[in-house]
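Student: I have not seen this structure before. Could you take me through it by asking what each term rests on?

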Amino acid sequence: MATITNFLLSKPPSSPSLPKQPNPLFFRSTTHSSPSLAKPNRPLAARPDRPRGFTLRATAATQKSKSSSPPASDERVQQVHSAEEFDEALRAAKDRLVVVEYAASRSASSSSMYPFMVELSRQCSDVVFLLVMGDESEATRDLCRREKVEKAPHFSFYKSMERVHDEEGIGPDQLVGDVLYYGDSHSAVEQLHSREDVEKLIEGHKADHKLIVLDVGLKHCGPCVKVYPTVLKLSRQMSDTVVFARMNGDENASCMQFLKDMDVIEVPTFLFIREGEIRGRYVGSGKGELIGEILRYQGVRVTY
């Protein structure tokens, strides 16, 4: 069993709040046609901190015509028109991530976000994307009321029929980060689901002397989502010398007990483990600070 040493550092910096500018859904009895999904004013430019493979561009192929027809089948975004269709889509997804955009035909924000969701659907083949037009019919209004969605655009994330996260008033960058965080199941970041998984990982890397970076967070943690694209990118760039792993403390009782045993009181917390011992920790979501700490525990001198 690994030797556990507790290190508590300073409180993480608070992350800036995202702008909240959703438009209200109109739950009236009249039926509206599907939204006119116009091209957004500005395409999303690639940024240095964006994970590889997730550079989104709003092209002609991603735009929805002004007709009332549902999204084209090759766009991989399934439009659902009732609670029955919605529940069946969740059941069919099984343990895959399901991303639902609740939109409204009169919402410009819904129209501008939809092309980015289409592009994500093409790049993330293991994620199911659904579209619910909240003002399409009485059936979709009933579905929105059941799911307690009152404004559009609203994004909900489901796994194994469980609603795990909600967002309102977000932009493309945040949508990408959320999909990465909640849908990541096959990347270079090892997913840990119990204390036994942690101990097995530590034991497996005692001999190769690799640094293990364990990202400990919670399902509904904004800063955890914010920093995760950086963790994913670093896991690819440092695969020869560093092992990256992740655990959500609120996934089950074993994970929560592990957090208590480690004296984790704030998330995200990154534990740095080498040769079977926890050497230190970093608490916070600062990308630069995280990279600096990883380099420091690799023996690279870092000056601030």
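Tutor: Start with a contact: Arg195, Glu196 and Val198 in α5 meet Ser254, Phe258 and Asp261 in α7. The model is predicted, with local features needing pLDDT of at least 70 and side-chain atom pairs counting only at pLDDT 80 or more, while totals for chains, interfaces and linings use all residues. Residues are numbered from 1 along each chain as its sequence is written, and side-chain values use heavy atoms, without hydrogens and water.

Student: What makes residues of α5 and α7 count as meeting?

Tutor: Contact means heavy atoms within 4.5 Å, and Arg195, Glu196 and Val198 of α5 meet α7 in that sense.

Student: How many residues of each class does the contact of α5 with α7 have?

Tutor: Two are nonpolar, one is polar and three are charged. Asp, Glu, Lys and Arg count as charged, Ala, Val, Leu, Ile, Met, Phe, Trp, Tyr, Cys and Pro as nonpolar, and the others, Gly among them, as polar.

Student: Why is the crossing of α2 and α4 called right-handed?

Tutor: A crossing is right-handed if the near helix is turned clockwise from the far one by less than a right angle, and left-handed if anticlockwise. Helix α2 (residues 108-123) and helix α4 (residues 172-183) pack at about 30 degrees, and their crossing is right-handed. The contact of α2 with α4 has eight nonpolar, no polar and no charged residues.

Student: What share of the protein chain is buried?

Tutor: Buried means under 20% relative accessible area with a 1.4 Å probe, counting protein chains only. Of the 304 residues, 51% are buried.

Terms used. Helix = DSSP H or I, 4+ residues; strand = E, 2+ residues; numbered from the N terminus. Buried < 20%, exposed > 50% of the residue type's maximum accessible area, 1.4 Å probe, protein only. Axes fitted to C-alpha atoms, helices over the stretch in contact; angles between N-to-C directions.
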